[in-house]
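Here is a briefing on one protein model. Read it with the sequence and the 3D view open.

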Amino acid sequence: MNNSKYKNMGINSNSGFSLIEVLITLAITGIIIIAVYSFINVGSNQYKSTKERTDLQQELTQINKLISEHIKESQEDIIRYYKANDGSYVIHTGVSNASVTYKMYVYNASTNSLYIYDEPTVVDEINATNSAAKITEDSVDNLISDNVTEFDVSFVSNSLDDDGNPVEAQKEVSTETVGAYTLTMYTPATDGTLVNIDSKIVVNKRTATSNETYSLRN
């Protein structure tokens with residue numbers, strides 16, 4: 001009996017995948033891999049974005065917490081701040097004594113950095129010369145944040161203007177030039193004065209802003 005017909009049929013039935021089938025399989029596999037990668041990448045980016053926003057808000061919250069803690073302990077006849085011509089600030093929350101530890105906050109506008117220092121124990125040391133020196137000190141140990149792109153301080157009253165903004169209640173005490181800086185010192189102008197601080201921090205092009213008003217001790 002001639003089995004060539006069956007042999008040929010057997011060869012054809014076991015010849016494996018055709019080239020077209022292989023290409024189709026590869027294409028489908030590629031589509032699946034791309035879809036899985038895209039899904040993982042989107043999830044990773046969302047996690048990173050959420051973490052960045054959370055970290056940003058936590059950093060701003062910590063800044064406000066520190067400032068609030070010390071300014072609220074300040075008295076109207078003690079607290080003052082210097083504003084430099086480049087937008088830097090030095091806030092003197094008071095003079096240290098046995099019961100209260102006052103602090104000095106320094107914002108360097110050129111480096112977007114905010115620092116905290118112990119307040120001088122001698123009133124005469126609270127001056128434009130020492131304030132200018134603190135702006136340029138750049139102490140890593142005293143650094144709070146180097147992401148503060150905006151920082152503004154003012155003394156305001158409980159009254160609001162027609163636009164709903166706090167009314168300014170501060171007086172300019174003196175203006176002195178120290179090196180490259182011209183510093184103007186401000187103190188509260190009326191009783192019941194509040195301290196208004198606007199701040200903004202930016203990390204990886206993400207922004208968080210804050211507008212806080214703190215009351216002082218009478």
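Strand S3 (103–108) sends Lys-103, Tyr-105 and Tyr-107 one way and Met-104, Val-106 and Asn-108 the other way, and all are buried. Buried means under 20% relative accessible area; exposed means over 50%, and partly exposed lies in between (1.4 Å probe, protein chains only). Strands (E, at least two residues) and helices (H or I, at least four) are DSSP runs, numbered from the N terminus. The model is predicted: local features need pLDDT of at least 70, side-chain atom pairs count only at pLDDT 80 or more, and totals for chains, interfaces and linings use all residues. Residues are numbered from 1 along each chain as its sequence is written, and side-chain values use heavy atoms, with hydrogens and water left out.

**Strand S3 and its partners**

- S3 is mostly covered, with six of its six residues buried.
- S2 and S3 pair in the antiparallel sense over four bridges. Two strands pair if DSSP finds at least two bridges between them.
- His-92 has Met-104 in S3 as its bridge partner.
- S3 also pairs with S4 in the antiparallel sense, over six bridges.
- Tyr-107 stands opposite Leu-114 in S4.
- S3 and S4 form a hairpin with four residues between them. In the turn, Asn-112 has a positive phi of about 55 degrees.

**Ile-91 in strand S2**

- Ile-91 is found in S2. Its relative accessible area is 2%, so Ile-91 is buried.
- Ile-91 and Val-106 are 15 residues apart along the chain, and their C-alpha atoms are separated by 6.4 Å.
- Ile-91 touches Arg-80, Tyr-81, Lys-103, Met-104, Tyr-105, Phe-151, Val-153 and Ile-197, not counting residues up to four places away in sequence. Contact means heavy atoms within 4.5 Å.

**Aromatic residues**

- The count comes to six aromatic pairs. Rings of Phe, Tyr and Trp (its six-membered ring) pair if their centres lie within 6.5 Å; planes under 30 degrees apart count as stacked, over 60 as edge-to-face and the rest as tilted.
- Tyr-81 and Tyr-89 form a tilted pair, 5.8 Å centre to centre with 50 degrees between the planes.
- Tyr-81 counts as buried because its relative accessibility is 2%. Tyr-89 counts as buried because its relative accessibility is 2%.
- One aromatic cluster is formed by Tyr-81, Tyr-89, Tyr-107, Phe-151, Phe-155 and Tyr-186.

**Helix H3**

- In helix H3 (residues 128–135), the buried residues are Ala-128, Ser-131, Ala-132, Lys-134 and Ile-135. They cover an arc of only 160 degrees around the axis, so they lie on the same side of H3. The arc is that of the directions from the helix axis to the C-beta atoms.
- What covers these buried residues includes strands S1 (80–84), S2 (89–92), S3 (103–108), S4 (113–118), S8 (170–178) and S9 (181–188).
- Asn-127 caps the N-terminal end of H3, with a side-chain oxygen 3.2 Å from the backbone nitrogen of Thr-129.
- Lys-134 lies over the face of Tyr-117, at 4.0 Å from the ring centre. A charge sits over a ring if NZ of Lys or CZ of Arg is within 6 Å of the ring centre and within 35 degrees of the ring normal.

**Asn-64 in helix H2**

- Asn-64 lies in helix H2 (residues 19–71). Asn-64 is buried, with a relative accessible area of 13%.
- Asn-64 touches Ser-199, Ser-210, Glu-212 and Tyr-214, not counting residues up to four places away in sequence.

Terms used:
A polar contact is a pair of N or O atoms within 3.5 Å; within protein, one must be able to donate a hydrogen and the other to accept it, and residues adjacent in sequence count only if both atoms are side-chain atoms.
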